[in-house]
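Q: Can we go through the inside of this structure, starting with holes and then rings?

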Amino acid sequence: MPQASLTINPAFAIGAVDRRLFGSFVEHLGRSVYDGIYEPGHAASDDEGFRGDVLELVRELGVSTIRYPGGNFVSGFKWEDSVGPASDRPTRLDLAWHSKETNEVGLHEFSSWLRKAGSELMLAVNLGTRGVEEALDLLEYANVPSGSTLSDLRRSNGLEEPLAVKTWCLGNEMDGPWQLGHRNADDYGKLASMTAKAMRQLDSSLELVVCGSSNRTMPTFGAWEHTVLQHTYDDIDLISCHAYWAESQSDLGSFLAAGHDMSLMIEEVVATADSVKAALKKTKQINISFDEWNVWDIERFAEEDQITGIDNWPVAPRLLEDSYTVVDAVVVGSLLISLLNHADRVSSASLAQLVNVIAPIMTEPGGIAWKQTTFFPFAVTSRLAGATALTPRIVSDTYESSVHGTVKVVDAAVTSDAQGTSVFLVNRAVDSATTVTIDIAALGAVSVVEAVALYDDDIHAANTLESPERVALRPISASTTDGTLTIELPPVSWVALRLSAG
Ligand code: AHR
């Protein structure tokens, strides 16, 4: 049986955990908005057409910020289409997803939904087909209290108070050849720098996110960040990382090592940002916004979901509706472990996405809303993560993965706050349980107040419309004696422990 040990000491702090690590993402894509968060006429919908059952699940998920409205969608989006009387709004072709966008839900409706969800807006501007002027217009419309044409237009459209959006993404995945308006790092870096400077001329307190790479395997990964940051270092605060993993893209052992891969991506982007900092002789530090991450079977989308032709683009088609398994949820839990272990350099992150589209929450039109397997590790981590991330000091057996080389069987993250300590664990062993001993002597006399696990004899079990509660969290036992906590992690499992304050 594989073994691992962990030492927890409140003195070994990594850094403060920004609540924005528990963000998500809503794109105008597929049934994310229409038939997802919004379905007028559904029995659970409120007077604005928002599904109350979905809102309840979003609140339970514990989502801090929501990136909006894309994604690839934003690179062809005209924000003006989405405000004003709904009946006057145009229907547009969405070139990213070959769908039609009716603009029935726009900026005002979405911000009203966000208030109900208790989440904060993170807005992306279109730097694909548009530029500085349109970004400034949107900023004026959203954030200026009153007294200018666009701020007064917002007021006459029914929103007296400004949206006060703090964090803005300067485009989306501009390194990707699939992106509308894709350009090289030099051209994008110059455009992002101009846009950021102009936006700061209006409001110097904004937090701006420049596009990093769409994934770690992009041929330009590393060089892209280096060039873009050379152009924008003084102008921006965060650089984005995006990454998706899927079991179908590798073997099980490599898929289970996704958190290891995410950690490498974070560390490589941090190293690149710090090398630009040194070369430019700056004191300011650039941190990461990991604003798209999840399990996503991209190849299935390429093969099955894509809409072809030019006169048959549907409104809100079923796109990217991946069904998540137990092993997918274990990987999502391990990705959250990686984010917590880099809390000193990752300021913000967004699980991509939220409802129906590669999502922890699914809905059926006129029917139920349910939790996918991935809902559980996210909701528990968001609820239990404390204010400070601690270094977990892990000694673990390892295994060889074909894609990522030598990987630890057990990974862990630890957080603390005045009320206690939380420990998150993943067991990547496929065939056997792993015993983990945790040295908690430095915490004093503590007890285990919560211990939950996600695992199943069938690692490919999933929650579906027909069987929405097939997979759920299970209690797990953990014993403490003489400053040591011992727990046996089932094969392919994710576990969360909450310890009382000492
Ligand atoms: O989240 C789905 C898509 O993945 C987003 O639109 C895009 O930014 C990324 O490639």
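**Cavities and rings**

Q: What is the volume of the second largest cavity?
A: About 80 Å³. A cavity is a set of points on a 1 Å grid over the protein atoms alone where a 1.4 Å probe fits but cannot get out; the volume is the space filled by probe spheres set on the points, joined across faces, edges and corners.

Q: What kind of model is it?
A: This is a predicted model, where local features need pLDDT of at least 70, side-chain atom pairs count only at pLDDT 80 or more, and totals for chains, interfaces and linings use all residues. Residues are numbered from 1 along each chain as its sequence is written, and side-chain values use heavy atoms, with hydrogens and water left out.

Q: Which residues line that second cavity?
A: Among them are His-28, Tyr-34, Phe-73 and Pro-317; lining residues have an atom within 4 Å of a point.

Q: And the largest cavity, how much space is in there?
A: About 130 Å³. Its lining has 15 residues, with Phe-77, Trp-79, Ala-124, Val-125 and Leu-138 nearest the centre.

Q: Now rings. How many aromatic pairs are there?
A: Ten, counting rings of Phe, Tyr and Trp (its six-membered ring) with centres within 6.5 Å; planes under 30 degrees apart are stacked, over 60 edge-to-face and the rest tilted.

Q: Why is Tyr-38 with Phe-50 called edge-to-face?
A: Because their planes are at 65°, with the centres 5.9 Å apart.

Q: Are those two buried or exposed?
A: Both Tyr-38 and Phe-50 are buried, where buried means under 20% relative accessible area, exposed over 50% and partly exposed in between (1.4 Å probe, protein chains only).

Key. On a 1 Å grid over the protein atoms alone, a cavity is a set of points where a 1.4 Å probe fits but cannot get out, and a pocket is an open set with protein on both sides within 12 Å along at least five of seven lines; lining residues have an atom within 4 Å of a point.
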